[in-house]
Amino acid sequence: MNVQPQTLSNPLSRAAVSVADGASRPFFATISSNNMAPWRKGGEAVLVDPNRSVRPGDFVFVELEPEDDGEPGRRLVLRLTKAAPDHVELEQLNPRRRFTVPRMQIRAIHWAAGMDEPCGS
């Protein structure tokens, strides 16, 4: 099921930085909805590490390509369930839904973890 970016849920607060513009250090982002509950709820922060590789089963920070010039792309935190050369499959937890997103619509995808989770490799 292909989904247009504007229909994806779980946007992050606008305070999140654009990782596609060269961010290479870990940073925090705040989730603004409950679509990933019970793992994370709106208002909770997640650690995003652009230097860690991602694999299916990981929670990830996704920045989509902007829909309009000059506007940032949507930013989401979801679970990566599949990574193919031409698309990724992402899952939200509440309500449980899966989305297939073409890689050409993804600006950046990075590993994410809750503040109470171990950050080992």
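How many bridges pair β3 and β7, and in which sense, parallel or antiparallel? β3 and β7 pair in the antiparallel sense, over 6 bridges; two strands count as paired if DSSP finds at least two bridges between them, and strands themselves are DSSP runs (E, at least two residues) numbered from the N terminus.

The model is predicted, so local features need pLDDT of at least 70 and side-chain atom pairs count only at pLDDT 80 or more, whereas totals for chains, interfaces and linings use all residues. Residues are numbered from 1 along each chain as its sequence is written, and side-chain values use heavy atoms, with hydrogens and water left out.

**The sheet**

The pairing of β3 with β7 belongs to an open sheet of 7 strands, in the order β1-β2-β7-β3-β4-β5-β6, with antiparallel pairing. Because β1 and β6 stand at the edges, each with a single partner strand, one side of each is left without a neighbour in the sheet. From one strand to the next the twist averages 45 degrees, where axes are lines fitted to C-alpha atoms and angles run from 0 to 180 degrees between N-to-C directions.

| Strand pair | Bridges | Facing residues |
|---|---|---|
| β2 and β7 | 4 bridges | Val-48 and Ala-112 |
| β3 and β7 | 6 bridges | Val-62 and Ile-109 |
| β5 and β6 | 7 bridges | Leu-90 and Phe-99 |

β7 is mostly covered, with 8 of its 9 residues buried; buried means under 20% relative accessible area, exposed over 50% and partly exposed in between, with a 1.4 Å probe and protein chains only.

**The nonpolar core**

The largest nonpolar core has 24 residues, and those with the most contacts inside it are Trp-39 and Leu-90; such a core is a set of buried Ala, Val, Leu, Ile, Met, Phe, Trp, Tyr and Cys residues joined through side-chain atoms within 4.5 Å. Each of the strands β1 to β7 supplies at least two residues of this core, and the largest share, 5 residues, comes from β3. Leaving aside its neighbours within four places in sequence, Leu-90 is in contact (heavy atoms within 4.5 Å) with residues including Val-60, Val-62, Phe-99, Val-101 and Ile-109.

**Aromatic rings**

A search of the whole structure finds 2 aromatic pairs, a pair being two rings of Phe, Tyr or Trp (its six-membered ring) with centres within 6.5 Å, stacked if the planes are under 30 degrees apart, edge-to-face if over 60 and tilted otherwise. Phe-27 and Phe-61 are edge-to-face, at 5.6 Å centre to centre with 90 degrees between the planes, and this pair links distant parts of the chain, since Phe-27 in β1 and Phe-61 in β3 are 34 residues apart. Phe-27 counts as buried at 12% relative accessibility, as does Phe-61 at 0%.

Trp-39 and Phe-59 form a stacked pair, 3.7 Å centre to centre with 5 degrees between the planes. Because Trp-39 lies in the loop between β1 and β2 and Phe-59 in strand β3, the pair ties together parts that are 20 residues apart in sequence. Trp-39 and Phe-59 are both buried.

Two arginines lie over tryptophan rings: Arg-40 is over the face of Trp-39, 5.2 Å from the ring centre, and the charged end of Arg-52 sits over the ring of Trp-111, 3.8 Å from its centre. A charge is taken to sit over a ring if NZ of Lys or CZ of Arg is within 6 Å of the ring centre and within 35 degrees of the ring normal.
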